[in-house]
Amino acid sequence: MFVLHHVKYKDILDIDHLDIPSGQITCIVGESGSGKTTLLKLLNHLISCDEGEIWVNDVPISECDPIELRRNVVMLTQSPTIFKGSVRDNLQIGLEFSGKPAASEHDLLEALEKVHLRKELDKDAESLSGGEKQRLALARVLLMEPSALLLDEPSSALDEDTAQFVMEKLAEYVRPRQKTMIMVTHSKDLVAAFADHVIEVSKGQVIAREAV
């Protein structure tokens, strides 16, 4: 789905070549500060490379409409944005952004169940804990049904059991639909359980890539 050729970004990333397949789960690993999050942002065109080219489904990312790209390639950061209002409002706003009709109450509750978040739809979203906010944002992304999910440490605010449950639900979502999921993680357990491919980044360079 993504191909990077001679990509450089400031003094953070220097990638000669990288191919990230579609329809699979790819985990990006490496020490803190190695450039993993920067790589995700480049794939979402939140930032642009200084040199080189990134291709998305055989189209140069520089030729893609940024808004349309981010509707189809959705990134979830470690500290996702939570909007003022209810849980319901926060779920529906993603659909509004992606130009899709509002979801039914059944679909909203089903999305919350997928991320193990059992909260009333009318509950104030800002009153949720950090881990609950992270799961709410993830449910919002799932409702948008993008072709690719870019997840930056999605389990960072979750306990081990919840992280395992959420990742199982994500895998059940992406694999049958041939969606692409690219996840930055420090969890060896999640990599072992869910990764189809692993990319290791060190000091801004890809030092290993393997199919699991």
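## The sheet

Six strands make up an open sheet of mixed pairing, ordered S6-S7-S8-S3-S9-S10. Strands are DSSP runs of E with at least two residues, helices are runs of H or I with at least four, and both are numbered from the N terminus; two strands pair if DSSP finds at least two bridges between them. Strand S6 (73-76) and strand S10 (205-211) are at the edges with a single partner strand each, so one side of each has no neighbour in the sheet. From one strand to the next the twist averages 15°.

The model is predicted, so local features need pLDDT of at least 70 and side-chain atom pairs count only at pLDDT 80 or more, while totals for chains, interfaces and linings use all residues. Residues are numbered from 1 along each chain as its sequence is written, and side-chain values use heavy atoms, with hydrogens and water left out.

S6 pairs with strand S7 (residues 148-152) in the parallel sense over four bridges. Leu76 stands opposite Leu151 in S7.

## Helices on the sheet

Helix H1 (residues 36-43) packs on the sheet, where it touches strand S3 (25-29), S6, S7, strand S8 (180-184) and strand S9 (197-202). Contact means heavy atoms within 4.5 Å. The direction of H1 makes about 155° with that of S7. Axes are lines fitted to C-alpha atoms, for helices over the stretch in contact, and angles run from 0 to 180 degrees between N-to-C directions.

Helix H6 (residues 160-177) lies across S3, S7 and S8, and runs at about 150° to S8.

## Helices H3 and H4

The axes of H3 and H4 cross at roughly 95° and come within 11 Å. H3 is therefore roughly perpendicular to H4, a term for angles of 65 to 115 degrees. H3 contributes Val87, Arg88, Leu91 and Gln92 to the contact, and H4 contributes Glu105, Leu108 and Leu112. By class, this contact has four nonpolar, one polar and two charged residues. Ala, Val, Leu, Ile, Met, Phe, Trp, Tyr, Cys and Pro count as nonpolar, Asp, Glu, Lys and Arg as charged, and the others, Gly among them, as polar.

## Pockets

The largest pocket has a volume of about 440 Å³. On a 1 Å grid over the protein atoms alone, a pocket is an open set of points with protein on both sides within 12 Å along at least five of seven lines, a cavity is a set where a 1.4 Å probe fits but cannot get out, and lining residues have an atom within 4 Å of a point. Grid points are joined across faces, edges and corners, and a volume is the space filled by probe spheres set on the points. Of the 18 lining residues, Val74, Met75, Phe97, Arg140 and Met144 lie nearest the centre of the largest pocket. S6, helix H3 (87-97) and helix H5 (130-144) each give two or more residues to this lining, and S6 gives the most, with four. The lining divides into eleven nonpolar, five polar and two charged residues.

The second largest pocket holds about 190 Å³ of space. Helix H4 (105-114), H5 and H6 each supply at least two residues of its lining, and H4 has the largest share, four residues. Five lining residues are nonpolar, five are charged and none is polar.

## The cavity

The whole structure has one cavity of 30 Å³ or more. Leu138, Pro154, Ser155, Leu158, Ala163, Val166 and Met167 line the largest cavity, and H6 gives the most to this lining, with three residues.

Technical notes. Angles under 35 degrees count as roughly parallel, over 145 as roughly antiparallel, 65 to 115 as roughly perpendicular and the rest as oblique.
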